Amino acid sequence: MTERWFPATIMATEFRVLEQDEAAAETFGLAQARRDVMVIGIGNPLRGDDAVGIHLVQRLKRHFTGDFKGIVAYEADIGLAEEISCYPALLVIDALAASSEPPFQMLPLPAASTIFPAGGFSSHVFNWGMVLAMARDIFGRCPEAFLCGIRAHSFAIDERLSPLCQTAADAAFDYLTRLLAAEDADGEAQQGWGGLS
């Protein structure tokens, strides 16, 4: 099998999928299913703590050798639906602006019930529930998905995280490396996150 590059409509690193068998591609038009986990870091690298998801994915890629696919993006993107449909598990890492919450939270990301909300479809009002619904309804597969929300304190123009957000990111990194290592060691990534809640 060879690799092909997806056209990137988002800032992305190593955004690749394996090319599928030609007959399957013609019949179903789907990319090949994967066993590893997709991890997407969200944020704007010029808005301080908003970039915490990007920082964490880059850190995981540098220091974690387990089986996962890490990319970065500015926001939920309709173009990700086919790519995420190939994975059994999806982890989105993003900043949370709620100051009363713990340093980080793991929250389930359910697919929307439909890709046609009551107010009508718009690519300008798009969320992860809709991306997951598109993966399910158009590509026939939807990963078990979670959001790792990191407590953010400053969204000012800055390329660095605030000290408080950095502390929260360190705690999340420790947790996520254990989570991803457990998935990798158990060989259960193909069945999602198991009992995580």
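Strands β5 and β7 run parallel and are joined by eight bridges, with strands taken as DSSP E runs of at least two residues and helices as H or I runs of at least four, both numbered from the N terminus. The model is a predicted one, so to speak of local features takes a pLDDT of at least 70 and side-chain atom pairs count only at pLDDT 80 or more, while totals for chains, interfaces and linings use all residues. Residues are numbered from 1 along each chain as its sequence is written, and side-chain values use heavy atoms, with hydrogens and water left out.

Zooming out, the sheet is open and mixed, with five strands in the order β4-β3-β5-β7-β6; a pair here needs at least two DSSP bridges between the strands. The edges belong to β4 (68-73) and β6 (104-108), and each has a single partner strand, so one side of each has no neighbour in the sheet. On average, neighbouring strands are turned by 20 degrees against each other, direction ignored; axes are lines fitted to C-alpha atoms, for helices over the stretch in contact, and angles run from 0 to 180 degrees between N-to-C directions.

Strand β3 (residues 37-42) runs parallel to β4, with six bridges joining them, and Val37 stands opposite Phe68 in β4. Helix α2 (residues 52-63) packs on the sheet and touches β3, β4, β5 (89-96) and β7 (144-151), its direction making about 140 degrees with that of β3; contact means heavy atoms within 4.5 Å. Turning to the other partner, β3 and β5 also run parallel, joined by five bridges, and Gly41 stands opposite Ile93 in β5.

As for burial, seven of the eight residues of β5 are buried, so the strand is largely enclosed by the rest of the structure. Buried means under 20% relative accessible area, exposed over 50%, and partly exposed in between, using a 1.4 Å probe and protein chains only.

The largest nonpolar core has 29 residues, of which Val39, Ile93, Cys148 and Ile150 touch the most other members. Such a core is a set of buried Ala, Val, Leu, Ile, Met, Phe, Trp, Tyr and Cys residues joined through side-chain atoms within 4.5 Å. Helix α5 gives the most to this core, with eight residues. Leaving aside residues up to four places away in sequence, Ile93 has contacts that include Val39, Leu56, Cys148 and Leu176.

Then there is Ser162, in the loop between β7 and α5 (163-186). At 14% relative accessibility, Ser162 counts as buried, and it touches Asp49 and His153, again not counting residues up to four places away in sequence.
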